[in-house]
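Colleague: I would like to go through the labels attached to this structure and hear what backs each of them. Could you show it before we start?

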Amino acid sequence: MPEKLFISKKGEFCDKDGNVVVLRGVNLDPNAKLPAKPDLTSHVSLKNDNFWDLADDVSFVNHPFPLDQVESHINRLKSLGFNHIRFPFTWESIEHKGPEIYDYEFMDYIIEVLKIIDHVGGVYVYLDPHQDVWSRFTGGSGAPYWTLLCAGFQPKRFRRNEAAIVHNTLINTKTGKDNINDFPKMVWATNYYKLACQTMFTLFFGGKHFAPKCMINGMNIQDYLQETFLKAILEFYKRIQERAPELFESNCIIGLESMNEPSHGYIGTTNLNEIEKERNLRLGSTPTGFQSFMLGEGINTTIDRYEITVFGPSKSGTKNVLCEGESAWLTKDERDAADSKYGWSRNEEWTPGICIWRLHKVWKIDQSGPKLLQPDYFSKLHNPGTIAPDLVVNERYFMNNLFTHYFNNFHRAFRHIDKESFVLIQPPVFRSPPHLRHLDIIIGKTICACHFYDGLSLMYKTWSRFFNVDTFGIVRGNYSNPMFSIVLGESRIRDSFQSQLKLMKQEVHEILGKDVPTFFTEIGMPYDMDNKKAYLSGDYTSQTKAMNAIAHALEGNNLSFSLWCYSSGNSHRWGDNWNNEDFSIYSNDDRKDISHETTSRSGTPSLSVKSLISSSSGNTNGSKFITKTTAFDDIKWPPTPPLNDLDFNGFRGTDALVRPFPLKIHGRFIFAKFDLEMKSYALKIHAKASSNASNTTKNATYIFLPKYHFDIDRVDIGTSSGTFLYNEEYQLLKWHHDAGHQSIAITSKNKFNKDDGCIII
């Protein structure tokens with residue numbers, strides 16, 4: 001089983017002896033966003049009301065995959081040297097039938113999945129309550145259908161008024177035919193700025209301030225939504241504790257994340273009549289807040305259309321959205337039926353059939369038409385209590401008050417049932433974390449979860465070797481002109497990525513404290529680049545270079561990460577089966593029909609060496625002779641399957657995925673770089689005072705050295721001090737070094753010199 005993890009005072013994962021540990025893994029898997037029964041991938045078009053009528057009657061059992069497939073998927077991931085999994089699940093998957101009606105069959109299925117992962121061994125798991133743009137029924141994933149009814153929405157009428165863009169219901173209004181194939185790249189994310197998603201997050205985080213008239217079952221809708229959400233995910237967590245306590249005893253499950261990619265909704269918007277300049281994602285139909293209100297009540301409205309350019313969003317024209325009078329809000333009869341079904345009672349002030357923001361006098365409709373009354377409604381408090389009523393509500397206020405209120409409730413409830421596991425707090429993407437030091441909840445078990453995606457590669461789905469931009473700097477408003485954000489040359493692009501991640505890590509330390517690790521729980525690149533050219537040619541050069549740039553940035557900062565993603569159901573046609581995304585490092589369509597044997601990059605079978613081979617050491621400036629061994633007494637769990645059981649079949653851009661890295665550092669990390677073209681790896685550390693190159697039993701640094709790139713009989717190792725043991729079965733190099741500043745350089749050679757055991761270029 002994997003050893004217990006701790007957090008050092010410098011904000012790094014470590015073992016019980018303080019040796020630095022890095023977590024490298026993947027999100028497994030986006031199938032968790034979708035029900036298995038009926039099988040409703042986002043490209044399955046359901047006409048009329050079928051999509052909505054099936055909302056309650058679904059099952060997520062066998063998603064991400066059937067139990068008999070778990071072991072093969074986990075061993076395949078371990079072939080890359082991955083040692084952990086981010087395990088997404090959705091609120092909908094455990095509470096789709098209605099409030100506090102839990103799907104225990106699904107929970108028990110997941111428990112069995114986790115047991116198999118634990119049986120395979122050597123893999124940490126942390127759980128992710130996943131959402132994207134609130135719900136599957138607002139174009140993403142996460143919350144159950146009934147939460148929208150709870151807020152007064154009628155999702156069946158979202159399509160015409162564009163309260164949300166839902167892939168399943170995208171129909172060509174002129175032909176009446178499915179429009180699934182024409183679903184624009186990454187347009188799903190624009191739902192973060194559509195009526196349904198923005199309203200739901202405003203209610204979830206700020207309902208008491210901005211929607212005081214929305215009371216349900218005697219409490220404000222903010223408290224109701226937060227309470228039901230927390231009850232649901234903790235009911236799931238408690239069931240794992242009760243049914244499989246061994247998963248915690250064996251260090252398999254290590255923590256729980258707060259919520260994936262939360263949004264502030266409308267909160268902080270200073271002018272509802274404008275598209276705020278901070279809205280970096282403008283693509284397709286782009287309404288202002290006020291325009292989304294009007295559309296939501298079925299009022300035909302002309303809105304701006306945008307396209308993405310290298311220098312950011314650019315207005316491309318306008319669109320006259322014809323709603324045909326279809327309102328996004330429940331009529332009285334519809335709401336009465338929903339209230340009866342789900343056991344809700346509402347206060348009399350909550351009038352059915354109208355926009356809740358019109359209910360709160362943000363805007364009105366009179367004889368002359370719609371009028372915006374309070375353009376700055378969401379940038380000030382309206383139910384402040386003891387707080388000064390003239391307080392400005394902005395992003396900083398949202399994070400340090402409204403989001404923190406939620407996280408405090410989450411943290412308190414979680415710590416009530418689990419005092420040992422890690423808590424991962426995730427702020428909105430590319431945004432600063434909240435200031436939590438004064439709350440005394442950062443106690444050595446809190447991790448900051450960050451996400452990073454390169455904006456240019458993401459939106460254009462291509463990799464440019466020649467230029468890119470500083471995505472993080474643009475989002476943060478660091479440039480007066482986007483021209484200044486341009487980065488030229490592939491080497492500089494890789495270094496730019498590394499600098500951006502370094503800045504994000506530094507910010508976490510500055511705000512949350514140096515003892516809080518930065519964990520990139522999502523980071524990755526799209527694989528359907530260049531209009532899926534690689535799927536026909538088999539040439540994944542662009543994807544390999546893009547993933548190499550990401551990996552370079554991570555390893556240069558020694559950051560733990562979970563790649564997005566590994567999709568067991570990925571196909572070339574539909575990608576990850578969700579909103580035309582195609583980020584999976586693996587695809588069934590890339591599997592080759594070959595016999596079950598591990599093949600090296602040169603095409604020859606890779607054989608394990610089980611005998612113990614000894615030789616003498618060389619000097620520090622020349623080649624190092626390495627003692628091969630079959631086991632390390634102080635490593636109880638192997639980082640990979642045995643060499644003959646490695647399975648790279650189906651991985652894409654494998655050259656960039658399989659990389660050397662320090663599995664454990666006896667000291668402090670300084671520098672690391674893997675040069676994919678030169679097949680060389682360099683690591684610099686500041687070793688602990690207890691280090692001793694002559695000590696062959698403990699106090700060593702462990703490096704995962706994959707045979708995929710480095711055949712141990714064909715490498716040159718130069719180091720400042722030390723001796724080596726190499727476990728070829730599990731591709732693990734044990735480096736015994738002296739104290740202080742130490743370095744090691746490993747180079748793969750292409751010609752073998754039998755006289756001295758070295759490889760000569």
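Modeller: A salt bridge here is a side-chain nitrogen of Lys or Arg within 4 Å of a carboxyl oxygen of Asp or Glu. By that criterion, a search of the whole structure finds 43 salt bridges. The model is a predicted one.

Colleague: What makes the pair Glu 162 and Lys 319 a salt bridge?

Modeller: The N to O distance between their side chains is 2.5 Å, and the cut-off is 4 Å, so the pair qualifies. Glu 162 lies in the loop between α6 (158–161) and α7 (195–210), and Lys 319 in strand β12 (residues 312–321), so the bridge ties together parts that are 157 residues apart in sequence.

Colleague: Why is Glu 162 called buried, and why is Lys 319 called partly exposed?

Modeller: Glu 162 has a relative accessible area of 11%. Buried means under 20%, so the label holds. Lys 319 has 28%, which falls between the limits of 20% and 50%, and therefore the term is partly exposed.

Colleague: How do you know that Asp 336 and Lys 332 form a salt bridge?

Modeller: Their side chains meet at 2.9 Å, N to O, against a limit of 4 Å, so they count. Asp 336 and Lys 332 are four residues apart in helix α11, so about one helical turn separates them. Lys 332 counts as exposed, because its relative accessibility is 52% and the limit is over 50%. Asp 336, at 37%, counts as partly exposed. Lys 332 is also 6.2 Å from Gly 353, C-alpha to C-alpha, though the two are 21 residues apart in sequence.

Colleague: What makes Arg 652 and Asp 582 a salt bridge, and where do the two residues lie in the chain?

Modeller: The N to O distance is 2.9 Å, so the pair is within the 4 Å limit. Arg 652 sits in the loop between β21 (627–629) and α19 (654–657), while Asp 582 sits in the loop between β20 and β21, 70 residues away. Arg 652 has a relative accessible area of 0% and Asp 582 has 1%; both values are under 20%, so both residues are buried.

Colleague: Why is Glu 490 called buried, and what does its side chain make a polar contact with?

Modeller: Glu 490, in helix α16 (residues 490–512), has a relative accessible area of 12%, and buried means under 20%, so the term applies. The side chain of Glu 490 makes a polar contact with the side chain of Trp 463 at 3.0 Å; the limit for such a contact is 3.5 Å. Leaving aside neighbours within four places in sequence, Glu 490 is in contact with Trp 463, Arg 465 and Lys 545.

Colleague: How do you know that helix α10 is mostly covered?

Modeller: In α10 (residues 289–296), eight of the eight residues are buried. Among them are Phe 290, Phe 293, Met 294 and Leu 295. The helix is followed by Gly 298, whose phi is positive, near 80°.

Colleague: Which residues touch the most other members of the largest nonpolar core?

Modeller: Ile 117, Phe 153, Phe 293, Trp 357 and Ile 585 do, in a core of 179 residues. Helix α8 (residues 221–243) supplies the largest share of this core, eleven residues. Apart from it lies another core of 23 residues, including Phe 674, Ile 685, Tyr 726 and Ile 744. Over the chain, 62% of the 761 residues count as buried.

Colleague: What makes Phe 311, Met 483 and Phe 484 a nonpolar patch?

Modeller: Patch members need over 30% relative accessible area and no salt bridge, and nonpolar side chains are joined within 5 Å. Phe 484 has 58%, which is exposed, so the area condition is met for Phe 484. Phe 484 lies in the loop between α15 (471–475) and β18 (486–488). Together the three residues have about 340 Å² of accessible area.

Note on methods
Residues are numbered from 1 along each chain as its sequence is written. Side-chain values use heavy atoms; hydrogens and water are left out. Patches are made of residues with over 30% relative accessible area and no salt bridge: like charges are joined within 9 Å, nonpolar side chains (Val, Leu, Ile, Met, Phe, Trp, Tyr) within 5 Å. Accessible areas come from the Shrake-Rupley method with a 1.4 Å probe; for residues, only the protein chains shown count as cover. Buried means under 20% relative accessible area, exposed over 50%, partly exposed in between (1.4 Å probe, protein chains only). A nonpolar core is a set of buried Ala, Val, Leu, Ile, Met, Phe, Trp, Tyr and Cys residues joined through side-chain atoms within 4.5 Å. A polar contact is a pair of N or O atoms within 3.5 Å; within protein, one must be able to donate a hydrogen and the other to accept it, and residues adjacent in sequence count only if both atoms are side-chain atoms. Contact means heavy atoms within 4.5 Å.
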